[in-house]
Amino acid sequence: MSIIVNNLSKIFGTQKVLREVSFEVNKGEILGFLGPNGAGKSTLMKILTGYIPQTTGIAKICNENVSENSIKTRNKIGYLPEHNPLYHDMYVKEYLEFVANIYRVNHKSIIEMIEKTGLKKEQNKLIGSLSKGYKQRVGLAQALIHNPEVLILDEPTTGLDPNQLVEIRSLIREIGKEKTVMLSTHIMQEVEAICDRVIIINKGQIVANKSIRELQKNKGNRKLITVEFDEKIEKKELMKIGNILEARELMGNQYEIFSDSEFDLRPDLFKFAVKNKLTVLQMNMQEKKLESIFQELTK
């Protein structure tokens, strides 16, 4: 396992920020770490990276205990904090050379990292003059320059424009092919696009630890079908179809129909249309959105 967390707790004064948290992350996995503000996400990441100690419990990086072998574990981790701490008065390449010297890696690694993170055209610019997207690339480059086994990213795409989002997501996906990645974010589309699994934390406790598909198929989740007929019908007629939890009228002859996640109502809707001499103009089905699941679990 690349990351092992066992009964981890953190107390600040009288406030218990983390409460006996336990989970594991496999090698080569991209894990989305979600939670509302104040849930304990950044605190846990700071413990894993050795910035602050836990109160109780165990944290391991690549089978090394973070508390007992801090230097070893830090060498195995690349970390990009939420507020990317860069030296704005340094040039990009100069800054990466500075970081490389700290880790005692050779010049070849700097050139490779500039290429990998798409900084070749920006390498001779002052960091302070770069856009937010390129600053994030510099942050990723410094986190990766010593070739760590584990990459921990705290809100890596905050404040990026849509084009920059696509670029950074693509870069993270590429990195995830070789390394274990744990990223914290509030952007649900980001999690759905790049993560293999999701951990949701609320008030210092894990409330979900599953793949996105498993979360969507949980008992109690609902499927949504949007259907449009060529004629208007009474909602009460639709409700006569078995296994419908709720039906809503939309504009025109469109309807939203909710069912339990284990039922696919599309065949029954087509039979209903034939029986009532209706034409189905369009029909779409979708699983419950991750955003809705997140809201339910963190209320």
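## A walk from the pocket outwards

Helix H3 gives the most to the lining of the largest pocket, with 5 residues. Before we go further, please keep in mind that this is a predicted model, in which local features need pLDDT of at least 70, side-chain atom pairs count only at pLDDT 80 or more, and totals for chains, interfaces and linings use all residues. Residues are numbered from 1 along each chain as its sequence is written, and side-chain values use heavy atoms, with hydrogens and water left out.

Let us stay with the pocket. A pocket here is an open set of points on a 1 Å grid over the protein atoms alone, where a 1.4 Å probe fits, with protein on both sides within 12 Å along at least five of seven lines; lining residues have an atom within 4 Å of a point. The largest pocket holds about 530 Å³ of space, its volume being the space filled by probe spheres set on the points. Its lining counts 19 residues, and those nearest the centre are Tyr-51, Tyr-79, Ile-102, Tyr-103 and Gln-142. At least two lining residues come from each of helix H2 (70-75), strand S6 (77-80), helix H3 (92-103) and helix H5 (132-144); helices (H or I, at least four residues) and strands (E, at least two) are DSSP runs, numbered from the N terminus. By residue type, the lining divides into 14 nonpolar, 4 polar and 1 charged, where Ala, Val, Leu, Ile, Met, Phe, Trp, Tyr, Cys and Pro count as nonpolar, Asp, Glu, Lys and Arg as charged, and the others, Gly among them, as polar.

In the loop between H3 and helix H4 (107-116) you will find Arg-104. Its relative accessibility is 78%, so Arg-104 counts as exposed (over 50% relative accessible area, while buried means under 20% and partly exposed lies in between, with a 1.4 Å probe and protein chains only). Arg-104 is 42 residues from His-146 in sequence, yet their C-alpha atoms are 8.2 Å apart in space.

Now turn to the strands. S1 (residues 3-12) runs antiparallel to S4 (residues 56-61), joined by 5 bridges; two strands pair if DSSP finds at least two bridges between them. S1 and S2 form a hairpin with 2 residues between them, and Gly-13 in the turn has a positive phi of about 65°.

Rings of Phe, Tyr and Trp (its six-membered ring) pair if their centres lie within 6.5 Å; planes under 30 degrees apart count as stacked, over 60 as edge-to-face and the rest as tilted. This rule gives 6 aromatic pairs. The centres of Phe-23 and Phe-33 are 6.2 Å apart and their planes lie at 35°, so the pair is tilted. Phe-23 sits in S2 and Phe-33 in S3 (residues 30-34), so the pair ties together parts 10 residues apart in sequence. Both Phe-23 and Phe-33 are buried.
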